[in-house]
Amino acid sequence: MQSYDFDLFTIGAGSGGVAASRRAAALGARVALCEAGRVGGTCVLRGCVPKKLLVYGSHFRDDLDDAAGFGWRIPDATLDWAALIDAKDREVTRLNGIYLKLLADSGVRLVEGWGRLIDAHTVEVSQDGHATRYTARHILIATGSSPLRPSIPGAELGITSDEALDLRQLPRRAVIVGGGYIGVEFAGILSRAGVQVTQIVRCDTVLRGFDDEIRVACASEMRKRGINMR
């Protein structure tokens, strides 16, 4: 019987890769997982968690507006955007640490670097100009996906949601191309933070595929908040 370095080698430390690796290790498998960046995947690092923190932070603008109707006067309230980004980064770092501990406690070996399939049982992991090959009885590809820039002139001048989460300084104006839930959320975040937002959608309104009443109500509220929808 052929001998391998590991029973399972996972490429990608997102939700799927981490969960599968931990479960396999708990069942007695020798498991390694490679990742070129931080551990946790889209939800923890570039999606749900950091985005919702910015949603919660920017939503205080609405709370302050509502407070006036209840007699509160807070004339000098301002948003320190850089401080909000710092707080978001600290939480993401904390969660990354939790994921690292979960993997270590499960007995999963973390291999840092970019994984590349050599054959059905071999992965080459490269980092800082060095490459190491590992063999495994089974290889799991859990690499997820990356933002795709549209093939239109000037697309290289824009940013994706990944970069938007790390903006250290707010722009005065922003154009958001797309009316899906990610674009809608960022339109809300930026507009509540004081940015003049224009959102470009290719169908009748935002959130194609969602319930029609929700779509209409959402678009109406966005316009009330000053978002210019085209």
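The model is predicted: local features need pLDDT of at least 70, side-chain atom pairs count only at pLDDT 80 or more, and totals for chains, interfaces and linings use all residues. Residues are numbered from 1 along each chain as its sequence is written, and side-chain values use heavy atoms, with hydrogens and water left out.

**Overall form**
- The chain holds 7 helices and 9 strands. These are DSSP runs, numbered from the N terminus: helices are H or I of at least four residues, strands E of at least two.
- The radius of gyration is 22 Å, whereas a compact globule of 230 residues would have one near 17 Å. The radius is taken over C-alpha atoms, and the globule rule is 2.2 Å times the number of residues to the power 0.38.
- The C-alpha trace spans about 75 × 40 × 35 Å along its principal axes.
- Contact means heavy atoms within 4.5 Å. Among contacts between residues at least 6 apart in sequence, 56% join residues at least 24 apart.

**Surface and charge**
- Buried residues make up 34% of the 230 in the chain. Buried means under 20% relative accessible area, exposed over 50%, and partly exposed in between (1.4 Å probe, protein chains only).
- The chain has 29 positive and 27 negative charges, with mean positions 1 Å apart. Lys and Arg count as positive, Asp and Glu as negative; His and the chain ends are not counted. Each charge is placed at NZ of Lys, CZ of Arg, CG of Asp or CD of Glu.

**Aromatic pairs**
- The count is 3 aromatic pairs. Rings of Phe, Tyr and Trp (its six-membered ring) pair if their centres lie within 6.5 Å; planes under 30 degrees apart are stacked, over 60 edge-to-face, the rest tilted.
- One of them joins Phe6 and Phe9 edge-to-face, at 6.2 Å centre to centre and 65 degrees between the planes.
- Phe6 is buried at 9% relative accessibility, and Phe9 is buried at 0%.
- Ring pairs link Phe6, Phe9 and Tyr134 into a cluster.

- Ser58 sits in helix H3 (residues 48-68). Ser58 is buried, at 4% relative accessible area.
- Beyond neighbours within four places in sequence, Ser58 contacts Gly188, Ile189 and Arg192.
- Thr160 lies in the loop between strand E6 (130-141) and helix H5 (161-164). Thr160 is buried, at 16%.
- Not counting residues up to four places away, Thr160 touches Pro147 and Arg149.
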